[in-house]
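Visitor: I have a model open and would like to learn how to read it. Could you walk me through some features?

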Amino acid sequence: RPDPRLPPSPVRPLPVVGHLFSMARDTRPQFREWRKQCGDIYSLYMGQYLVVVLNGYDLIKEALVKKADAFSGRPQFFVDTATTLGGKGVIFSNGTLWKEQRSVSLSILRAFGMGKNILAEKIQEEVGCYMDALADLKGKPTDIRIITNISTSNIICSLLLGQRFDYDDTKFQDLIHKLGTLVEEQEMVSAINFLPWLEKLPGDFFKAKKISRSCIAIIDMLNSVLKEKKRNVNDSNDVCNLIDAYLIERNKKIQAGLSTTLDDQNLLKIMFDLFGAGTETTSTTIYWCLLYMLNYPEVQEKVSDEIKYKVGTDRVPTIQDKTQLNYLNAVIMETQRLASIVPLSLTHMCSEEVTLKDYTLPKGTWIIPNLDSVLHEKATWGEDAMSFRPERFIDNDGKLKNPEQFIPFSIGRRACLGESLAKMELFLFLSNMFQRFQFLPPNPYGVPPLAYKTSAVVIPQAYAVRVVDRK
Ligand code: HEM
C-alpha cells in the first residue's frame, strides 16, 4: 500500500523489481506524462531503492539550494565502483572528502582561469588545431563527432596532464571510444545499480564487463601519466597542470600539520572524473549546435554576420570578444536549453531524513532533479518552448538575458564544477568555427533530422556535415 508520507507513484510498482522495467528507453516524454499525472514530485521504486523525481524550477531550487545540507549526497553507482576507486574524487564522493576534493579542484581551475588565463590560452591553442583539422576535410561530407571529442578531451588533458594528443593517435582514439562506451552504455548498466546480482549473470547482457574494461583502461592510462609526473613535480610558481598543482597543495597541508584527504588515489579519481565529465558534454553541445545550424541556416548566417561586424576577419575571436557577441551567446544558450544534454542531471541522495512539500524523504532516498522539466517549461519559455529560437535570450535593447531557470549545469553545491571552463570552450570553439567556415548539409535535400539517442547524455544521431571555408 502506498505510504502517505512519501510522494505518489505514477504506476503501481511490481514486486522485487519495482518500476525498474517500466522505464521507457527515452524517459523524457514519460517523465513529462508522469508529472502531469502526479505533480512536481513523484516516487519510483528501483529494486529496493526509493527514487524521487523532482520537477520544475521552484522545487529543484528548494531541494538543491535551500535544503542543500540534506540533498547534496551521491548514491553509489556501478560506473564508479568499476574504476576500483569507488567513493573517491569529486563526482561520486560524499561528506568531508567530497568537500575538500571539490574545493581544491575548483580553486586550481579558478587559478588557471583567472590568475594566469592558462585556460583561455590552452583552449585557443587547441581550437587552432581543430580549425586546421576541419579545413583539411576540404568540404567533404564528414561526421566530425570523433575529432570534436578528441579536441575537447585534449583541453582537459592539457589542463590535467600538461599534454595533448594528435587527432590520428589511434591509442588515444581508442580511449575516447572507451569513454563513449561509459556514457552510451549507462542505460543498460543502470539496472545493476539497483540489482547488483545482475552483474554476476553469465555473458554481458547489461554491459557491466564492457564498462569495467573501459574504466580500467582509462584509469591505467591516467595512472601511467601520474606516475611519470610524480617523478618530476614542478613546484615552481608557474605550474600549469592540475597534477602538479594538487601535489603542491597536498604537500603544503602536510607540512602545515593539517589533516587532509588529498592523496594519490583521490588525485587519480579526480583526473578520471574531469576527463569523463569534461569530454562528451562539451563536444556533444558543439555537435548539437552544428545540427541546429544546419536546420536553421538563417541563424547560422546571422551569427556569421555578427562576428564579421564585431570582430572582423583579420584576427580570430578571443575570450575578450565574448561580451560583444550577444547573438552567438544566445545561440549557445538556446542550444543548451533545447538540447538539454544532461536531462536528469546526476542523481543526488538524501544524506539525512528531510521534508519536502509535506512529504518525509528517508535518509538514503535517491533524488533525480529533472532539469529537462525546467529547461522546457512552457510557463517560463513560452508556448514555443520546444522550438529553437535564440532571440528568447535577447532583450528589447539587444542585451543578453540570463533567466534563473537556465540551469543546464544544475544548481546548488553539487552544480557542475566545470561550468566556467565549458562556457569558455563553447564560446571559443563556436566563435572560431562560425567566423571561418560555413556548415552545410551533406546534400541540399538532405538536412540531417533533429533526432537523438538518450543515455546519460542526450546525443544527436550521427550525421555528416560539409565544412566550407568562407574565404
Ligand atoms: C556543456 C558542458 C557541461 C554540462 C552541460 C555539464 C553539466 C553537468 C551537470 C548537470 C552536472 C550535475 C550537477 C548535479 O549533480 O547537480 C555536472 C556535474 C559535474 N561536472 Fe559538468 N557539465 C559540463 C561540462 C563539464 C566540464 C568541462 C567539466 C570538467 C572540467 C565538468 C565537470 C563536472 C564535475 C566534476 C561534476 C560533479 C560535481 C560534484 O559532484 O560536485 N563538467 N555537470
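Visitor: In which sense do strand β2 and strand β6 pair, and over how many bridges?

Guide: A word on the source: this is a predicted model, where local features need pLDDT of at least 70, side-chain atom pairs count only at pLDDT 80 or more, and totals for chains, interfaces and linings use all residues. Residues are numbered from 1 along each chain as its sequence is written. Helices (H or I, at least four residues) and strands (E, at least two) are DSSP runs, numbered from the N terminus, and two strands pair if DSSP finds at least two bridges between them. Here β2 (residues 49–54) and β6 (residues 366–369) pair in the parallel sense over 4 bridges, with Val-51 opposite Trp-366 in β6.

Visitor: How many bridges join β3 to β6?

Guide: Strand β3 (residues 348–349) is joined to β6 by 2 bridges, and these strands run antiparallel. His-348 stands opposite Ile-367 in β6.

Visitor: On to helices: how are two packed helices described?

Guide: By the angle between their axes and the distance between the axes. Axes are lines fitted to C-alpha atoms, for helices over the stretch in contact, and angles run from 0 to 180 degrees between N-to-C directions. Take α7 (residues 145–160) and α8 (residues 170–184): they pack at an angle of about 95°, with their axes 10 Å apart. The two are therefore roughly perpendicular to each other (under 35 degrees is roughly parallel, over 145 roughly antiparallel, 65 to 115 roughly perpendicular, the rest oblique). Their contact (C-beta atoms, placed from the backbone, within 7 Å) is made by Ile-146, Asn-149, Ile-150 and Ser-153 of α7 and Phe-172, Gln-173 and Ile-176 of α8.

Visitor: At what angle do the axes of α10 and α12 cross?

Guide: The axes of α10 (residues 208–230) and α12 (residues 264–295) cross at roughly 125° and come within 10 Å, so these helices are oblique to each other. The contact is made by Ile-218, Ile-219, Leu-222, Asn-223 and Leu-226 of α10, together with Leu-267, Leu-268, Met-271, Phe-272 and Phe-275 of α12.

Visitor: Which element gives the largest share of the shell around the ligand?

Guide: That is α12, with 7 residues. A residue is near a molecule if its C-beta atom, placed from the backbone, lies within 6 Å of it. By that rule 25 residues surround the ligand, and the closest are Ala-277, Gly-278, Ser-410, Cys-416 and Gly-418. The elements giving two or more residues to this shell are α12 and α17 (419–436).

Conventions. Two residues are in contact if their C-beta atoms, placed from the backbone, lie within 7 Å.
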